Amino acid sequence: MTDPYADRAAVHEEVVDGFGTVRVLPLDAKGDAEVVHGWVSQERAVFWGMNGLTQDEVAGIYAHMDTLDTHHAYLLVKDGEPVALFQTYEPQADRVGECYDVRPGDIGVHLLLAPAGAGGSRLGWTASLMGAAAAYVWLVLGRRRVVVDPDVRNEKAIERFLRLGFVAGPKVVLPEVNLPDVHLPEKHAQLAFLLRPVACPA
């Protein structure tokens, strides 16, 4: 089968033993819009905040993000198949930075997994994808700590992060953002943090 993503340059590529090859590709706001819209419009992705948006509206949001130096979106592709949407951001340039003491080397991330296929959920799937994404953050970006801010009602996401080694921080209220290009409602979030492993090269 031909890999439709083979010609796209990856910012990171990770071969995960027993899992496959995961490539981290900068998101193409227009070209990837159909795939991403298919994920974010599902009820399971309600906490992603894009339920009810059209494909063009989703593309527009990521086109705007592509103009920023502080927020970035990526497509995680496993063996030629798109499997997750991964976003990074600078906490001091985001509303989460108003809610905790940002340290040098911090980076915020969001991860949305593609829906499970016909075979249902797969053991180790999330850990393998998060491991590849984290390797990009540690090795390529040189960061020291990851922060996540799932909605307090999103118990599945919170439990998933804690299983992956994140340590729960405080519950906070992220303030509403109401700008010409961006509107985000107030969000009650559970912060959690992951330190770069000691064995990981600086």
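The dialogue below turns to the chain as a whole and then to one helix.

Modeller: This is a predicted model, in which local features need pLDDT of at least 70, side-chain atom pairs count only at pLDDT 80 or more, and totals for chains, interfaces and linings use all residues. Residues are numbered from 1 along each chain as its sequence is written, and side-chain values use heavy atoms, with hydrogens and water left out.

Colleague: How many helices and strands does the chain have?

Modeller: Helices (H or I, at least four residues) and strands (E, at least two) are DSSP runs, numbered from the N terminus. Here there are 4 helices and 10 strands.

Colleague: Which residues of helix α4 are buried?

Modeller: Buried means under 20% relative accessible area, exposed over 50%, and partly exposed in between, with a 1.4 Å probe and protein chains only. In α4, residues 155-163, the buried ones are Ala157, Ile158 and Phe161. They lie on the same side of α4, because their arc around the axis is only 100°; the arc is that of the directions from the helix axis to the C-beta atoms.

Colleague: What do the buried residues of α4 pack against, and which exposed residues are on the face turned away?

Modeller: The buried residues pack against β6 (145-148) and β10 (187-195). The face turned away carries Glu155, Lys156 and Arg163, which are exposed. After α4 comes Gly165, with a positive phi near 105°.

Technical notes
Contact = heavy atoms within 4.5 Å.
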